[in-house]
Amino acid sequence: MVKNFNFITVIFIFLLLISCGKEDYIGPPIEAQFGELIIQEPFSSDKPVGVDFSLNDTVRFFSEFSISANFNINISGRNSGANFTISGTGKNLSNVFWAGNSDNIFFKQYEWCDVVLSFDNSDTTLSDSILILGERDFSNLGYLLTSYEDPSEYGLVNSQNTTQLQVLNNSSIAIHGNNFLDISGEGSNTYFGATRISILLGGISEPNKSNIFFNGFFKSDLNGSAVVVKMFEDENNDGSYDQGIDEAWTYKFTLNSNGVWNKESFNFDNFTVDQTAGNVQIDGNLNVGNIIRLDVVCSQNGNSFGNFGYFVDYLILTYNSSL
Amino acid sequence: MRIILTYTFIFSILTIFGQYPKFEIGGLSRALADNSFLDEMDTVNNDVKQDFNLVFDLAINGELNEFINFYSELRLGNSLEVFDTSSSYINLRRILIYGKLSKNTSFEIGDIDLKMTPFTLWNSQEEGTVNENRLANNFRDIQRYENFNNGNFWRRQGLVIKGNKSVFKDDTISYKSFGTRELASNEISTPDVFLYGSEIKYQSNIISLGLNHIDLFSNYKGINYDTNLNNHVFSTNFNLNFKKIKLHSEFGFSSLTNTMNNIDSKWIKGEFLNVGFNFDISDNLSFSTSFRSVSEDFSSPGSQSKRINYSLVPSMFAQTNNNTISRDISLSDIIYGVDFMRSNSIYNRTIDYGLDNFNPIFGVIEPYGLATPNRRGVSSDLTFSDSLKIITVNANFSFLTDLVGEGINTKRNYSNYSIAFDFSLNKLLGFDKQFVLNGGYSNSSSKRDHPIDLNVQNVNLKCNIIDLGLELEILKNLSVLGSYKRLFSNGLDYLSIRSNDFTIESYNAFQCDLVHEISSLGLAYDFNKKSSVLINYQILNFSDKILDNSFSINQFFVLVQIKF
């Protein structure tokens, strides 16, 4: 009997030895959801007198909490209405900074921004404000088509149905700079004019079309308004688009008619071969290096009679991700 | 009608042409009348009553020929509430074809009962029991029977093939394989779900060694469904029998994925180990203890699926206090929520992918039985009975911890103590009529202290259950029965919420301070050992300080049972 007990004891000791415990824990930290949040260092930034994003400057935020918390920093422009949200988890904001980017429309120069720090599962909010001395330059994210500031960047094309085609100057309305295009038309047609942008052969440095995004800002309060983006290749390298020889590409999207600026982005993979109005399919391959022209057309969603149009500003191709 | 015609046809054919058919008939009959009503403060809820629902289950076991046998349970039901046949019904409760494929191999097809080990396929008992007396047991037995809970078996629909063969003189090798369909595809978005299992076991007088495998898997081919699930559990068990000591052990692992068609999908692996022994110290005293360690990722749907579906609402008075406060499933629903006519029982009949909901008021030490993930520790059991069987005592204790902390490095400590006794006073006092006292008490807790600078309240959840019962035979075969059951639970715990890939994604702060009581008084008359009538009145008291809710339910039952 004693022998049996010894045997059992040895087995137990062996099992206890081999079943060693783990040090780390599983799941999210318990304090992030249920801990009592106490602000140990008030919310502040390192740019109390303003930040100039045009010089690639950034804003760093500071605060410390009693627990590892899920926090959100919401930045909103008082004039532009632009927003940007930073979310994270931690006991402080040591690695949190803002480079002037926005979730939708752009922040503007000399604009005061309200910055609000809030937490999940807590009513605690902390506020600060930041003055923007210079806007961030987004053109280095890809290929800036036009921001309607420089007339040499673009051309305007009208049609018999165009009722408005004019670059307006109003910095309080423009998304970027001072200028934006007001384009509209009337009728049951689907072409009410366009912005035409010439692109130097090889000007788009990203060769893979799947990595390229078209981005633009549009504002419309006319129901059914749409945008057609047309892109033209110069496959025979003669310096112009030739119907029947070169290939055109098209993508159409409907605009939100909520009367405020909306950012529209889509990937180049969405382009399909344009086989309307004399355009034909050649090889069915979109070669980014052959693109010489891009038209942003004012159109409508269907073919009913009415007024259609929009304001447009800051057209840019970005690489690897949308703006 | 079709069922009756089918039966008549089978009987007729076999009686006329078959030389073999041998039939045995058995069954039971139950009639239940009950009336439940809330206290006078509730003026919105109507009384809930059944006016004598009568069921008659006819079991037929037939040997059709040398190889094929047939078993079925046919239910005939009626409500005496209406004096015609409009509420009558006939259901087929069970149908099973079984027999032999060869000398050493047999099969079962139809409604089969399946069980493997507590870590592979095991129907764990429902919560809330310590030592109930005859009043509650009557209803528990009915609930288990009505919901096909036969011991720790799962009732499934499928096929099982099993056999055994001797190798030497006093040993056998046995094997079993089964397959069941757990969920039928809707051909659009829901795939077929199957359960497959097999075990092989060598057993002699001294040693036994078994290998087990079970897999819950879906077949998404042919439907618009881009994920697939597989949940394997492999285990081996090894037992040794000495004269008075029996050693037992089982260890294994689970392997889970729900994105089979994704090349990058990861398999989530969990492990477990369970080892212990039973020691018969004397004829009257036995002791058993075991150590187990179950990893946080151990996933075993066959053994972790719960018997009660706590995501449902109680069938009776789901909202109280004039329909202003909802209540969860509690003791009284589990024991006394008997309804022969009801189709949506709170008893779960499915083996689920993922961990089922549970009600923490019953304790959180092992909501999924021995297979509860992320537990490690020791459980022991001591049973004593005197030679005259005047008193029988059973004590059980468990000390477990988290295997790995949840949301914090510190692990929870779990403990459970319980003691149960049956005291036959008639034997002590020399009475010739039954006079039995029984009772039980269990205390379950989970604790975890947090550092002060964490600013999170400590875990401290306690659950206590008391069972007291009395059975006094006042006249021949006529007994007075009394029972009192009390559950009081209070404290706070943070219950993990797991995603489909079994990882903890958040927590639910569970807090309670409540008391549930059942005070019951009844009269039972036994016509014979298999037939009885029970009249029972009870008051259920619920009090919840957190919700500031208290109410009472009064219940009256008349239960007639006849078995043959």
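## Close-up views of a predicted two-chain model

**View 1. An open sheet in chain A.** Welcome to the first stop: in chain A, six strands make an open sheet, running in the order β9-β12-β18-β14-β15-β17 with antiparallel pairing. Strands here are DSSP runs of E with at least two residues, helices are runs of H or I with at least four, and both are numbered from the N terminus. Two strands count as paired if DSSP finds at least two bridges between them. At the edges stand β9 (155-157) and β17 (272-273) of chain A, each with a single partner strand, so one side of each has no neighbour in the sheet. This is a predicted model, in which local features need pLDDT of at least 70 and side-chain atom pairs count only at pLDDT 80 or more, while totals for chains, interfaces and linings use all residues. Residues are numbered from 1 along each chain as its sequence is written, and chains are lettered from A and ligands numbered from 1 in the order in which they are written.

**View 2. The pairing of β15 and β17 in chain A.** Strand β15 (residues 248-254) of chain A pairs with β17(A) in the antiparallel sense over two bridges. Look for A:Thr250, which stands opposite A:Thr272 in β17(A).

**View 3. Nonpolar cores.** A nonpolar core is a set of buried Ala, Val, Leu, Ile, Met, Phe, Trp, Tyr and Cys residues joined through C-beta atoms within 7 Å; buried means that 20 or more other C-beta atoms, placed from the backbone, lie within 10 Å of a residue's own. The largest core has 77 residues, and A:Ile175 and A:Val312 touch the most other members. Beyond its neighbours within four places in sequence, A:Ile175 has contacts that include A:Phe106, A:Trp261 and A:Tyr314, a contact being two residues with backbone-placed C-beta atoms within 7 Å. Another core, of 33 residues, lies apart from the largest one and has B:Leu38 and B:Phe317 among its members.

**View 4. Where chain A meets chain B.** Here 23 residues of chain A are in contact with 25 residues of chain B. On the chain A side, α1 (2-18), α2 (30-34) and β3 (59-77) each supply at least two residues, and α1(A) gives the most, with five residues.

**View 5. Two domains of chain B.** Chain B is divided into domain 1 (1-92) and domain 2 (101-553), with bounds from an automatic or database domain assignment. Taken over C-alpha atoms, the centres of these two domains of chain B are 29 Å apart. Their contact takes 15 residues from domain 1 of chain B and 14 residues from domain 2 of chain B.

How values were computed:
Buried ≥ 20, exposed ≤ 12 C-beta atoms within 10 Å, placed from the backbone.
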